[in-house]
Amino acid sequence: MRQLIDSLSVLMGNKPRQVKPEEFSEAARAHHDLRNEKRSAEEREHIKAHRRHKAAQPKTWRIRRWIVLALVNLIFVLSYKFDVQLVEGALTGSRFVGFHMADLNAALQVMLAYKQVLINLMIGIVTIFIGWWLLGGRTFCSWVCPYHLLGEWAEILHLKLAKKGWAKHHDFDRRGRLWLWLVFVVLAFVTGYTVYETISPTGILSRALIYGPGLALIWVGALLLFEIFYSRRFWCRYACPIGLTYGLVGSISPLKVVHDASKCFHDGACRAVCMVPHVLEPTRKGHAFEIKTALGADCTRCARCIDACPTEALSFQFKAIGKPK
Amino acid sequence: MMGNIEKKTVKKTSIRGRREFLRSIAMTAGLAGAAMLGIVPVVRGWVSRQRPPGALAEKEFLASCIKCGQCVQVCPVEAIHLTDIGDGFGMGTPYINSRKQACDFSCDGLQCVLACPTGALTHHINYSHQSDMAMAVVARPDMCLAIRGEGFKGLARGADFKGKLRYDDIDRWNPIPLNEHQYDLEVCDLCVRQCPIEIRIAQCEAGSPPAGDENQCPPVSAIRLVETGETDGRKTFAPEILAGCVGCGVCEMICPVEPAVIVMDVSQRGEPIKVHTGNGGHA
């Protein structure tokens, strides 16, 4: 329960809580004591070798994820192009072999603006809710959302430019996403329009892919430029209300990325690649209060940390109830 | 020593924190403001769109449409398109450009209405004649071939026109390109001849309603030609729009004069379900 509250608090943009010494489990405490001892030269050499080996490995999860993301979006496109009616619609709302699916944030905007509970939308919401609850809400972000993929490419560019000193990253206060989410809830209700949809890069890109490009893509381009030159992964990390909505759904998900402190050497390789490094708090030296901790709700299950970790301390785990084993 | 370093770090992080805080305030205001710009085209009425059958009144339509385009996908004549960012809050909503491709009701079952997941295209209508997309108006009567007493021969919109129309007598199930159908008319009556409502009425009067369903029979006529006199020894006629017009736009699409004599007036859109009273009379 305490972990869930912490996880939600971080999702809302608060800094990770300083865990009190007495909250550490016996095993975790013993583990940290052990880690504080100096490593032998032999051990250090072994870790270095392993790190080099791992760095040369292909980014397996990233490849899988890009394939899935491309396929999901391609199914929408091809299903329409060839009129096979497998998936109809766009990411905001669709039918999968006739069964309704609705993006939770888009459905929320519609019901707030229209002020009516729509039965088809409710069916779509429940379907999507169960699906993303099982997989972990923000799985949508990294495995389905087309903007996420563009954001990853923009990030690669940003890092290259930053190395040359042509771009610099600026942090934002992560609470801004919650404010923005609330502002769009209020605006939809007060104005009676689905205000957020006007700037949603997810909706714009999904429709552009399926129905053909339009001028709205200029907005998406502007966001990407902002990310390349001013703030790394700005939209997905600090702004997107859809991400917050799905983060809430995923907070109680059985599928999680789990950190195993007994295998962790606190290299920080995971935090260097992670879009939301605040969920990787337990990987910092002396911060894991259990041997195994599940990452928080803001985690998009993109698995880049799993690819990056030189010591296999991070992995996917599926567990319906209770703590990860 | 230690204390000094700590103090410095605290100060540094608090300045950083304040900067981040201000950035996020600016972000929230900026993004909300950018999104709210979408209200301008709506309240200024920069665009008025012909919506698909069953569309709720514009305000409710924009509120309830989830911008998914499922209506676009099911339309057999591809009459429905999605708007771009210039429509502001209306971005991603469906519209019809009748001059390019009108809704000819060739799906018979209002597929777009059935596809709509939110009821922005209301599920309360079942038949083509219950829709209300616009009202046809004769905008340029002086150019009308019938009013001038002229006939029409050839392809209604030329060889390059891409639009489709269903001709029941050619293929009841598949609409054909307009540029595959030749006309030879003594008096141009294309707007009346091809009106889907008039065609249905004629079928019903002949005892064979569409799909054998009497409910498909429109109760009121939509358009007719009225004899107006004679010029140069030729009889002249004028198209008259009647209460049964649902604004499907077929007359606008088929009108061979450029630009079209007859156009869709979306300002005359009312409630999606029409209660017909009286007799509109048949041409």
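Author: A residue is called buried when its relative accessible area is under 20%, exposed when that is over 50%, and partly exposed in between (1.4 Å probe, protein chains only). This is a predicted model, in which local features need pLDDT of at least 70 and side-chain atom pairs count only at pLDDT 80 or more, while totals for chains, interfaces and linings use all residues. Residues are numbered from 1 along each chain as its sequence is written, chains are lettered from A and ligands numbered from 1 in the order written, and side-chain values use heavy atoms, without hydrogens and water.

B:Arg269 is buried because its relative accessible area is 16%. In the chain, B:Arg269 lies in the segment after strand S10 (262-265) of chain B; strands (E, at least two residues) and helices (H or I, at least four) are DSSP runs numbered from the N terminus. Beyond neighbours within four places in sequence, B:Arg269 is in contact (heavy atoms within 4.5 Å) with B:Arg51, B:Ala55, B:Leu56, B:Ala57, B:Glu58, B:Asp132 and B:Met133. With B:Glu58 there is also a side-chain polar contact of 2.9 Å. A polar contact is a pair of N or O atoms within 3.5 Å; within protein, one must be able to donate a hydrogen and the other to accept it, and residues adjacent in sequence count only if both atoms are side-chain atoms.

Chain B also meets chain A. That contact takes 43 residues from chain B and 51 residues from chain A. In polar contact across it are 20 residue pairs, both residues at pLDDT 80 or more. On the chain B side, helix H1 (2-36), helix H3 (58-64), helix H4 (70-74) and helix H5 (111-115) each supply at least two residues, and H1(B) gives the most, with 13 residues. Between the two chains there is one salt bridge (a side-chain nitrogen of Lys or Arg within 4 Å of a carboxyl oxygen of Asp or Glu). The side chains of B:Arg16 and A:Asp171 meet in a salt bridge, at 3.0 Å from N to O.

A:Tyr147 is one of the buried residues of H8(A), as are A:Leu149 and A:Leu161. That helix covers residues 146-164 of chain A, 19 residues in total. Just after H8(A), A:Gly165 takes a positive phi of about 80°.

Definitions and conventions:
Expected span 1.5 Å × (residues − 1).
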